[in-house]
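Trainee: I'm new to this one. Could you walk me through how the two chains meet?

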Amino acid sequence: MGISNIWVFAQVANGAPTSGSLELVTKARTLGGSVSVWVAGDGASVAGALGEYGASKVFAVDYGQNLAGVAVASAMKATIDGGESPDLVMFPQSYEGRDVMARLSVKLGRTVLTNSVDIEVAGDSVSATTPIFGGNTLVTTTFTGGAPYLAAFRPKSFNPEASGGAAAAVQAVSVPDLGATGTAKVTAVHVEETTGPKLDEANVVVSGGRGLGESANYAMIETLAKLLKGAPGASRAIVDAGWVPYSYQVGQTGKVVKPSVYIAAGISGATQHMVGMKGSKNIIAINKDKEAPIFGIADLGIVGDVHKVLPKLIEALQGR
Amino acid sequence: MSEGLCETVHKAQEWRTMNVIVCVKQIPDPANPGALDASSNTLKREGKLILDESDSYGVEMALQLVDAAGGGEVSLVSMAPNSETAGLRTALAMGATKAVLVSDPALQGSDALTTAKILAAAIQRLGGADLIIAATESSDGYTGTVPEQLAEVLGLPSVTFSKKVAIEGGVLKADRQTEDGYDEVTCPLPALISVTAGVVEPRYPSFKGIMAAKSKPVDEVTAADLGVTPVGWAGAGQQISNVAQAEARAAGEVIEDDGETFGKIVTFLEGLKVI
């Protein structure tokens, strides 16, 4: 029997599906059966792109001022009650993705497997794999309840590949009465502008951590990133300390990056951080503590003071 | 007095006190690497547990909101094995008033959905609250779905990933983190929020607070006391089928800086044709 009807919740940013969403559509296509994609907002503008990656249908939820999570989950539940029967629902591990899957999980009385990096379908058995302990151990978990199976995936688990399909058919789905759960309203939307390559798409990422000592020293990270045509990143510690915006954060709760070169300056390598960058092709670490876990995964480790190494490195690169 | 002002005064009185419940997790010290119990494939939770640092922000936020409201109290709910209260005592020492601890061997293997049902029942045992606060995710299991599942079980509106929170005239105003920036959200109470780390600066418990915490009430209950069944492995819609070691990433060259190691980095980058 296997899986014949798959739903994917796609996160849309700046009018296009995110790459994290397109990789899920790509993976869903390989699992067999039909792929329908849910989006919060306008469906027509993304139907072409989603169709190209293998979606045959787009369910578009006009959520108005509601928070997208509760609105989309309720619309999904109403659609299932109306007769649709997805076998598997896939979510990106994004802010909206988490809200939708959590709400839907309760509405359907189904568990949701999160932080997955792979999914396997063998007959009626569906299993998802999750890295734990900073990626040192891989745990495979099999769903034991009935369908629909709910699973969420970390970004960059699969490669997005277009299959050249036609634009997906768009079906508008209205938001059912949300009752008390629908009383939270979005009153303003703020977009934080960034320049240079995007953190999760850059070929080179230079990240700074608490070892920089004070926020003014983060300027060295930005300078080095610019010289290498890369993006500046940060550990959770200095984001929490307010040195840089949250959008700079690399790690479990931030961005997952897989650049050609990752430079970690003054970052010890907490599990939180490592899961967000250990997929980088080459890692350079500079840290004054030679016992720092980051050296365990670095291709080139410099045991030294970032305040001494970075200025010299910047000077050498500027002189080229 | 204009009608508008009347309304404001009424609201101010109505919200003179505020009760907040914070969901806290007691976890193994993250400084010690975690391990899986080979027989059960669950995270080992033996030994001393501590308050998850992620939850200290929620406790602090709750204490500040109750202060700002001019009255009310902060209560805690937690689920932990072996009647563990060390982490709860830390939160009580910060200023929380009381706690419900759900401790039951039957809960081992519970999935996030069951955890949300248990916490919801514990919250109802406390009579509910104006606001429920959780961290965005725990530092050990980091499933990250429990807060929103909890809101759905309780039938409450929610603002997850709140990075700035205020209560004005009985209405919650929060800045919610998004992929591209943040949204301003308003929400009537009662409601649930999950707060990001760094949203406030958690206070250190005072000596007086630590002493007082020893005698603060912790109501210990089982899943059966809360009327939640089935739980544990039996209630989980999932089963661990395999545990494997990931391909280890080998460490490369590690060298002590002698003032010239920047040259090594330049050579390395040249080799990769990045420069």
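Here is a short chat about the interface in this predicted model.

Trainee: How many residues of chain A are in contact with chain B?

Mentor: Count a residue once its heavy atoms come within 4.5 Å of the other chain. On the chain B side that gives 74 residues, and on the chain A side 84.

Trainee: Which residue of chain B meets Lys107(A) in a salt bridge?

Mentor: The rule finds seven salt bridges across the interface. In one of them, the distance from N to O is 2.9 Å, and the partner of Lys107(A) is Glu152(B).

Trainee: Which helix gives the most to the side of chain A that touches chain B?

Mentor: Start with the polar contacts: 33 residue pairs between the chains. The touching side of chain A has 37 nonpolar, 30 polar and 17 charged residues. With 10 residues, the top helix there is the one spanning 95-108, H4 of chain A.

Trainee: Which strand of chain B is joined to strand E13 of chain A?

Mentor: Look at residues 185-191 of chain A, where six bridges link E13 to an antiparallel partner. Along that pairing, Val189(A) stands opposite Asp183(B). The partner covers residues 181-188 of chain B and is strand E9.

Terms used:
Residues are numbered from 1 along each chain as its sequence is written. Chains are lettered from A and ligands numbered from 1 in the order in which they are written. This is a predicted model: local features need pLDDT of at least 70, side-chain atom pairs count only at pLDDT 80 or more; totals for chains, interfaces and linings use all residues. Side-chain values use heavy atoms; hydrogens and water are left out. A salt bridge is a side-chain nitrogen of Lys or Arg within 4 Å of a carboxyl oxygen of Asp or Glu. A polar contact is a pair of N or O atoms within 3.5 Å; within protein, one must be able to donate a hydrogen and the other to accept it, and residues adjacent in sequence count only if both atoms are side-chain atoms. Helices (H or I, at least four residues) and strands (E, at least two) are DSSP runs, numbered from the N terminus. Ala, Val, Leu, Ile, Met, Phe, Trp, Tyr, Cys and Pro count as nonpolar, Asp, Glu, Lys and Arg as charged, and the others, Gly among them, as polar. Two strands pair if DSSP finds at least two bridges between them.
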